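Hi everyone, thanks for coming. Let me put today's model up on the screen.

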Amino acid sequence: MDGKVVGAALVSHHPGLMQCEEFRVLQGAGADSDLIAGYARLRQRIAGVCPQVVVICDSHWCTTGYHLVDGGKRYSGTYISDEMPWYLHGVPYDYLGHPSLAAQIETVSRERGGYNRVIAHPDLGRHYATINLVKQLRLEEAGLPVVTVSSCQNCDWQHFLNSGEAIGEAIRRSGLRVVLLASGALSHKFNAVDWKPKHPRIFHENNVSRPENIESDKGAIELLCQGRHDEILARWDEEYRKLPWEAFGAHYLQMVGALGGARSTAKGERLSAYENARGTGNIHLWFDTPPHLQPHAGDSGGEFGHLAGKVAA
């Protein structure tokens with residue numbers, strides 16, 4: 001018992017960030033994406049709270065019928081994206097899972113009549129919304145276990161909140177210190193294949209697909225930085241679902257559900273600029289967790305606490 005969410009973040013994972021620095025700087029008209037520097041800032045935040053497990057709400061793992069939860073002990077292989085194999089391929093990965101936390105999530109969900117279920121098949125494919133964060137945040141090097149949660153595509157937004165609530169309760173029962181990462185974009189409308197950039201820096205916000213998406217994203221960022229998750233949820237059906245956010249917001253909704261849903265007042269901190277990626281709106285935001293979810297003073301971080309500093313290196 002007495003597990004804790006020690007921090008949370010909304011994190012971009014777009015494939016351009018996995019390209020070499022020379023290419024990124026070329027695309028950025030002489031300067032790299034600020035999301036790269038933002039990963040370093042996020043590594044510092046993660047190291048500072050000494051987690052034992054990282055839970056990733058993956059906006060690319062689209063499932064039907066259930067919110068699936070990775071329950072394997074270890075995941076290793078070489079990743080190639082079936083979406084963009086010419087652009088994202090040959091990425092080696094080898095990271096730990098956390099079967100007991102995955103199982104606890106299913107237990108809580110079943111008690112509540114929910115739809116979270118564990119899957120631990122060794123041949124189940126990976127998705128870059130998880131792999132890119134594992135690599136960029138150096139979770140392998142830190143030895144931090146990762147539990148990925150899917151985005152169930154036949155759910156309403158309330159179902160995602162319920163999934164997040166089950167995740168939050170499972171963390172409380174587990175006795176673990178956990179960081180939650182909502183891996184995905186805000187507005188998620190791609191530019192057409194023959195689109196011409198409006199700004200020479202490809203990452204510039206003017207290259208996001210539509211002016212109204214930029215306006216909506218920036219408004220959402222302001223609300224998130226104020227801790228107004230209640231207002232985000234109040235506007236969900238009429239604004240953010242219609243844009244839509246990536247995976248219809250499954251990554252954010254599950255994260256905020258674990259933080260208390262509309263009751264959460266966790267304030268976001270900008271760890272990067274707001275940037276374009278093929279028309280989608282991207283940013284890294286860190287959320288310090290509410291007082292009832294924070295660790296007690298002097299809490300050491302337990303079994304993996306001594307490893308978390310490696311994330312920041």
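Residues are numbered from 1 along each chain as its sequence is written, and side-chain values use heavy atoms, with hydrogens and water left out.

Okay, confidence. The chain averages a pLDDT (the predictor's confidence in each residue, from 0 to 100) of 93, and 92% of the residues score at least 70. Over residues 295–304, though, the pLDDT is below 50. Where pLDDT is low, the predicted coordinates should not be read in detail.

H6 covers residues 157–174, so 18 residues in the record of runs. Its buried residues (under 20% relative accessible area, 1.4 Å probe, protein chains only) include Trp157, Phe160, Leu161 and Ile171. Just after H6, Gly175 has a positive phi of about 80°.

And what lines the largest cavity? A cavity here is a set of points on a 1 Å grid over the protein atoms alone where a 1.4 Å probe fits but cannot get out, and lining residues have an atom within 4 Å of a point. Among the lining residues are Asp58, Trp61, Arg126 and His127.

Conventions. Helix = DSSP H or I, 4+ residues; strand = E, 2+ residues; numbered from the N terminus. Expected span 1.5 Å × (residues − 1). Buried < 20%, exposed > 50% of the residue type's maximum accessible area, 1.4 Å probe, protein only. 1 Å grid on protein atoms, 1.4 Å probe; cavity = no way out; pocket = protein on both sides within 12 Å on 5 of 7 lines; lining within 4 Å. Contact = heavy atoms within 4.5 Å.
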